Amino acid sequence: MSTRRVVITGMGWVTPLGDDVDQVWQRLLRAQCAVQPVTRFDAGTFATNFAAQSQVPDLATVLGPDAARAHAHAGTSSRFALAAAQRAWNQAGLDPLPKSSRERMGIYLGAGEGTLDFDNYVAANLAGWDAANARVDDAAWARAAQERLTLHTEIEQEPNVTLSHLAHRFGCRGPAFNCMTACAASTQAVGEAFEIIKRGDADLMFAGGTHTMIHPLGMTGFIRLTAMSKRNDSPNTAARPFDSTRDGFVMGEGAGIIVLESLEHALARGATPLCEVAGFGSSADAFRITDIQPEGKGAIAAMAQACRQAGIDPREPGPDGRPQVHYISAHGTGTQENDRIESIAVKGLFGPLAQKVPFSSVKSMLGHLIQAAGAVELITCVQAIRTGWLPPTINLHHPDPNCDLDYVPNQARDVNAQGGVEVCLSNSFGFGGQNDTICVRRWRA
Amino acid sequence: MKRRVVITGVGCITSLGVGIEPTWSGLVAGRSGLQRSTRIAPGAFACSLAGEVREFTARDFVPKSYRKATKVMAKDTELAVAAAHLAVKDAGIVTREHAEGGGATPTYPPGRVGCHIGAGLIAAETDELSSALASSCGGEGTSDNAGGFSLRRWGTGGDSSGGMNNLPPLWMLKYLPNMLACHVTIIHGAEGPSNTLTCAEASGLLCAGESARVIERGAADICFAGSAESKLNHMGFLRQGLAGRLADTGDSDDASSVMRPYDAASKGTVLGEAAGILILEEAASAKARGRTPYATLLGFGAAHSGGAGLAILPDGSPNDGLVLAIERALNDAGVSADQIDAIVPQACGVPVTDAAEAGALRDVFGERLALIPLVTLAPMIGECAAGNGGVHLGVAAMCMREQTLPARLHAGKPAPGLAADASPTRQAPLRHVLVCSGSLGGQNAALVLGRAAS
């Protein structure tokens, strides 16, 4: 079995607080919140009418005018991904990458479906609706749809098309995958990409995710599930993970993409690793499609596997007396159920040390980027390692007896005096019981 | 030493029948499951034929306590759940589904059971959605661009009069692609590594490859692996039609006359729906419980296509990504191109896609390609999109076990140098079979199977 080490050499994101990694990081440390009323469409009468929107990148600026033309049809979610990947590529210093390396560079994304061509889609559905017989008239539907919907707009909604955009832009010919494991997708994508490099099927991988569900039917789906906060009168304080008054998550959108590389390949080309990926854990609750296993069994299994792979015993303090994990980026959605059970899981894994592991949710500031959430949160873990600062959970003012851990409430924390941040876990859990955890560690030769 | 992976169970549901046995006997008999569409009224789209799974009720394939959950399953999920049940039965293992009423202990601990199922985007049921949308027309906020629809009436502040309230609360959950794997993991108590890959036609093979890797690295001992999809709905026909893939069938009821793999005169493809879920198992564990596998999974390779454009839609030039995927799978298997005895390709009957595939196969196999039988399944079960991979792999496993090549239907003339013309079922010594596919989107996957005893 190969023991290749895997490092992160580049990172890029598009988030509701901006698209420059360092700048957004500073905003997170200042506890800024990006949540506001939805402007992308008229959500005025929706039970939840606010979200954390990201600015859609101008590809001509990010990629250059020629490349922007090649990707002219790219949908919002592919645009997020192209911009994030370009920044990761630049930071990794990959230009010019020889053809032999491009053949060994793969892509593993947790990209979501693209945005519906809403007006035209709705119009076709209405034209096809035979109200008298309460059924769809197939011929009328087909006629209207073929008239209004176009090839590129439809194809761009397929979730694997973001891969095509990245492969074309960067010439990647390695293994390419897209996973859709709901809110766990981009953490899973990074984890699976890590395994692919470790086993030697590729030397480099783009890994991460991209998604937007800030469109009428996306918001509708979550409103019907009663999963989102309804604090329309106070969007900025609506995302309140671990607070006893939390009433659901707040929708976000964007992308997080990193360059993963075998240590050998990175060092051979003189790149500086930003940090090392030390472990990955993945499990299924196998419980219910709507509920989380109440003891957090699946979450514990994912975190435990990631720790085991990293050679960390969660119940043993390190030589400095601190737990060996210095920060956990919570899934921390702000739903009653998730935050309670995720806290139970952390206690289940770390035992008496759990109170001493800082554990915060940047979803309180960025919203929930759904399939892109995990990769964006992983980047915040790398930033914590690089800077020795922990991002806060904001809007946490009413303690919940079921959530009694150290959530880094309301203010960022400087832990450099305590020895900084060496090891982080990043958690993502998806509908249907998918659990994924990545462990990252400061890179040391 | 590398842990070896074998196939010990196959569950396939196609338009030829519910199960690998009826599917296989249909293939061997040279029968096509493609008929006039009943799901979409013939004539609505240019293609009036379809490979529909008929006489199928998901409730018959789930434990009694889980029947209620079939109400929130889309067709894709129903097919996957039933195929997984059939695969478990075929593999002779006990899972949580047998636990009802104090059944036997599962063969494997839940944490050692993985699940990788490929899926497509699941289309919202048009009847349900259109009816809800129609309730929100007119009045304040009406949009002419959206056919008179009003977002204001759709929302209505969350009180019960809003149009969106006509959708059931779990509406969205029915259509998440990971629901195929979720229901399977819940029913069978599979708590190990799990994933849902959405790379169109390459999804199922990518999933089998990932399952194999999970078993090889010791993260699980057994996995559900495969894929399912049904595009026999409005959006499926629409998008495949816009992509120029669907055959204009006219009045023809004979699919093999319009869909002719590798024939430049093929009119395009005909859609099917299918599920293929396999049980992949660590070889020593399978042996320990006395199972003779169908085949050994020897090698896996994946790659992305390049070319001048975005590689989303093929242009007919050889698919370089497929070449790389096949070469990687051969290399991983330690098998040379000369040792491949048969190939199960995508062979969908869309001329540009077939040309890109044939070009790649020529690059890998050279002139010997003319001597390697191609197992072309689309004329019999249709182009099943993400459903292809699991079914193609299941059929390849049957070919290995039975040492038989099923009949090929073809009403025209495939391009020269390809063994793809009409032919009857025949016995054949098969030591190594390649299963491979590109995708609408540019992802490619290849798997090499070897004899179980090899």
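Predicted model: local features only at pLDDT ≥ 70, side-chain atom pairs only at ≥ 80, totals over all residues.

**Domains.** I started with how far apart the two parts of chain A sit: the centres of domain 1 of chain A and domain 2 of chain A are separated by 37 Å, taken over C-alpha atoms. The assignment gives domain 1 of chain A as 6-116 + 157-441 and domain 2 as 118-153; such bounds come from an automatic or database domain assignment. Residues are numbered from 1 along each chain as its sequence is written, while chains are lettered from A and ligands numbered from 1 in the order in which they are written.

I then did chain B. Its assignment reads domain 1 (5-122 + 176-450) and domain 2 (126-173), and the C-alpha centres of these two lie 38 Å apart. Four residues of domain 1 of chain B are in contact with four residues of domain 2 of chain B, contact being C-beta atoms, placed from the backbone, within 7 Å. On the domain 1 side of chain B I get three nonpolar, one polar and no charged residues. For the classes, Ala, Val, Leu, Ile, Met, Phe, Trp, Tyr, Cys and Pro count as nonpolar, Asp, Glu, Lys and Arg as charged, and the others, Gly among them, as polar.

**Chain A against chain B.** How many residues of chain A are in contact with chain B? I find 78 residues of chain A in contact with 79 residues of chain B. Helix 6 (residues 118-128) of chain A gives the most to the chain A side, with seven residues. Helices here (H or I, at least four residues) and strands (E, at least two) are DSSP runs, numbered from the N terminus. By class, the chain A side has 41 nonpolar, 24 polar and 13 charged residues.

**Helix 3 of chain B.** I listed the buried residues of helix 3 (residues 126-134) of chain B: T126(B), L129(B), S130(B), A132(B), L133(B) and A134(B). Buried means 20 or more other C-beta atoms within 10 Å of the residue's own, exposed means 12 or fewer, and partly exposed is in between, with C-beta atoms placed from the backbone. The cover comes from both chains, including helix 7 (138-148) of chain A and helix 7 (234-242) of chain B.

**Helix 11 of chain A.** Seven of the nine residues of helix 11 (residues 216-224) of chain A are buried, so this helix is largely enclosed by the rest of the structure. Among the buried ones are P216(A), M219(A) and I223(A). Helix 6 of chain A turns up again in the cover here, together with helix 4 (151-155) of chain B. Just after helix 11 of chain A, T226(A) takes a positive phi of about 50°.

**Helix 1 of chain A.** Which residues of helix 1 (residues 21-29) of chain A are buried? They are V21(A), V24(A), W25(A), R27(A) and L28(A). Seen down the helix axis, they fall within an arc of 160°, so they line one face of helix 1 of chain A; the arc is that of the directions from the axis to the C-beta atoms. The face turned away carries the exposed D22(A) and Q23(A). I jotted down the background: an α-helix has 3.6 residues a turn, so residues three or four places apart point the same way. Cover for the buried side of helix 1 of chain A includes strand 1 (6-14), helix 15 (363-366) and helix 16 (373-387) of chain A. Just after the helix, A31(A) has a positive phi of about 65°.

**Two single residues.** V62(A) is in helix 2 (residues 59-63) of chain A and counts as buried, with 20 C-beta neighbours inside 10 Å. Leaving aside neighbours within four places in sequence, V62(A) is in contact with P57(A), A83(A) and Q86(A).

P318(B) lies in the loop between strand 11 (295-304) and helix 10 (320-333) of chain B. Is P318(B) buried or exposed? P318(B) is buried, with 20 other C-beta atoms within 10 Å. Not counting residues up to four places away in sequence, P318(B) touches V323(B), A356(B), G359(B), A360(B) and D363(B).

Notes:
Contact = placed C-beta atoms within 7 Å.
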